[in-house]
Amino acid sequence: MEAGRLSCSRQRQVLFLFLFWGVYLAVSGFGRYSVTEETQKGSFVVNLAKDLGIGYPELLARGARVVSDDDKHHLLLDSQTGDLLTNDKLDREKLCGPREPCMLYFQILMDNPFQIYRAELRVRDVNDHSPLFRDKETALKILENTAEGTAFRLERAQDSDGGLNGIQNYTINLNSFFHIKISDSDEGIIYPELVLDRALDREKQQELSLTLTALDGGSPPRSGTTTIRVVILDVNDNAPHFSQAIYETQAPENSLVGSLIAKVSAEDADFGINADISYSFFDASEDILTTFYINPFSGEIVLRVLLDYELVKSYKINIQAIDGGGLSARCTVLVEVLDTNDNPPELIISSLSNYVAENSPETVLAVFRIKDADSGENGKTVCFIQDHLPFLLKPSMENFYILMTEGALDRESQAEYNITITVTDMGTPRLKTEHNITVRVSDVNDNAPAFTQTAYTLRVRENNSPALHIGSVSATDRDAGANAQVTYSLLPPHDPHVPLASLVSVNPDNGHLFALRSLDYEALRAFEFRVGAADRGSPPLSSQALVRVLVEDANDNAPFVLHPLQNASAPCTELVPRAAEAGYLVTKVVAVDGDAGQNAWLSYQLLKATEPGLFGVWAHNGEVRTARPLSERDAAKQRLVVQVKDNGEPPLSASVTLHVLLVDGFSQPYLPAPEAEAADAGPADPLTVYLVVALASVSSLFLFSVLVFVAVRLCRRGGAASVGRRPVPEGHFPGPLVDVSGTGTLSQSYQYEVCLTGGTGTNEFKFLKPILPNIQAQNPGRNSDENPTFRNSFGFNFQ
């Protein structure tokens, strides 16, 4: 029948509106369906899509499912067609016993929105059982003086079928003494009674054999038979009499086997054997015979098996008392089974989801039903979950509950929840059932990678090998799976002129940084760039960190001598008067180093000398001085080799050759300096060439100024001498002394003698020769550690 239609007397419609996160839950009325018992599995019952008035796609999309009250899946919903089918072969007798009609109650659950349809299935009976008498033969003792018309009630047959298929009539074979009368009980059950038509005479016939037939109402009808053996007795005019017609008693369902349930008692006024009474069950079902036992002599009824209130709530026992003469009496014992709290609550899951995405709004995780087989307070239940969990347990109707999230969850705070659903009844003692549900929070890409440092400082020594690992950056992501897989990359530099792509690279998987080419401290001392870290989520999230690379200096530049300049031209010869004392400044070696720090700290030492011990070199400033007074035995030509060495590891060095000419005063004819020894010259560094050109330009300008100044002074002196003094003899003439302030590479002022040589044909011009007769006297406070400094325009310190 159409869902939602009830009989006129009970027609009503109930609508419950629950607002759970905007989901509408509704419950419809009964849908009534029927099926014939013994129908094969998979038989068609109804098409739910048509019966509920919704399309099949909607029925499928809403996840329709069938839930039975008895938790037995008698019905199956075909997800392909929307048909409701039988899930097994239904046996009405096993499902309902004698109860008619046989109804199976179930619910149809649908989601989105959540909706419950209550329905019932009637199992129609078929005539598949024949009437059956408990005994194949029954002895009936009748006194010979029994009056005509006396009725004797017989035990009825049992038929598992119900309704019209149940027992409808009893017949007996044709005879001259008895006929069958059908009687109805207050329970609607018919009983056969044997009615005496004619007086009996034991002397003529002691017993009769009758065939009793039970017929059901099936088509065709089925039948069952039993033999009634009628024994004719002598007269026994007093039948037993019970003290009560109905005995009422109660028995808890937890009563022990062998417990006394009730005791019946009957009396007989006769004497002797006619007064001996025996007790027995009369017209008892198989259930009563297996559950109870009656003592035939005492009338005590005891328990043979344990009672179960959930199966049978009460028993009606018919007791018969028969005396020795065959007379009988009957009474009824009503046993009420009392419920005890012996069944814990049951929790039946209808739908369950163990995963929920983080940051999701309120989400339904489970729909379940609570069931307790007990009754009264023993069947009332309370359902709850643990406190301090971000979940809600909301009751619905029909003992349904909904477990849902209270709000958005954060996987990074907690990725898994263990929820214990506890159901407790209200009985004494209270019984409870616990059901554990594990809910896992699936990850959403809501966390960007985070670097361990906002800025990294890396150091790499220059002249490194290409593809050298110079350091690493590291970023972590609090997400999981692909959302936590970090990929590293170089970000475009702020300065487009920085060739970042040719300097460094980053391993995208682990953040290792590599120098792509050899770095030169003198060309690039530091550079910085940014590294990005992006996860593989959708959409991806990223962050960045600053990386600063400091290039450390290596001792890869040998010292370069600026003065005296070593080139292919004739070497410059230094003139030293033989009258010079110890400590006389001969010249100063000036050198530079392209490195930095201690790699640029220079020291000077004398490697070779024509006269060992005659000259010395100050280690810190490169000044070449006489170590002792000169003597006539000292050779006029002295050759010195000075080494300049830096403080690197390993140290690098350069050497310079000096030619010193010892003269007796500056009037001594100039002797050409010996040819300098050829030295191996390597290719000049471009920077050194630039420095040399710049220094040569400055020195040329300075020398040109000095020459002009000296020429003017000589012209003036020559004119004055020709007028007022004697003529100038030929030969070498000492010139005037030129005072040069110590603003250059020397630390103090020196006087230089300028002279011209004559008589040799060379007319060589000599200048800038210091004359320090006693340098120690002129500079009493000077020591060998003095280290004058000269800084050129390129930023190098000249020691």
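**Exercise 1.** Determine which helices and strands each supply at least two residues of the lining of the second largest pocket.

*Solution.* Step 1: the elements are α3 (92-96), β12 (167-172), β14 (190-196), α4 (286-291), β24 (314-322) and β25 (328-338); helices (H or I, at least four residues) and strands (E, at least two) are DSSP runs numbered from the N terminus. The model is predicted, so local features need pLDDT of at least 70 and side-chain atom pairs count only at pLDDT 80 or more, while totals for chains, interfaces and linings use all residues. Residues are numbered from 1 along each chain as its sequence is written, and side-chain values use heavy atoms, with hydrogens and water left out.

Step 1: β24 gives the most to this lining, with 5 residues.

Step 2: the pocket has a volume of about 1700 Å³. Here a pocket is an open set of points on a 1 Å grid over the protein atoms alone, where a 1.4 Å probe fits, with protein on both sides within 12 Å along at least five of seven lines; lining residues have an atom within 4 Å of a point. The volume is the space filled by probe spheres set on the points, which are joined across faces, edges and corners.

Step 3: of the 49 lining residues, Pro98, Arg156, Gln158, Ile189 and Ser285 are the closest to the centre of the second largest pocket.

**Exercise 2.** State the strand order of the open sheet of 3 strands and identify its edges.

*Solution.* Step 1: the order is β11-β14-β13, with antiparallel pairing; two strands pair if DSSP finds at least two bridges between them.

Step 1: β11 (151-153) and β13 (178-184) are the edge strands; each has a single partner strand, so one side of each lacks a neighbour in the sheet.

Step 2: β13 and β14 run antiparallel and are joined by 7 bridges. Isoleucine 180 has leucine 194 in β14 as its bridge partner.

**Exercise 3.** Are cysteine 331 and cysteine 383 buried or exposed, and how many disulfides does a search of the whole structure find?

*Solution.* Step 1: cysteine 331 is buried because its relative accessibility is 3%, where buried means under 20% relative accessible area, exposed over 50% and partly exposed in between (1.4 Å probe, protein chains only).

Step 1: cysteine 383, with a relative accessible area of 15%, is also buried.

Step 2: the search finds 0 disulfides, a disulfide being a pair of cysteine sulfur atoms within 2.5 Å.
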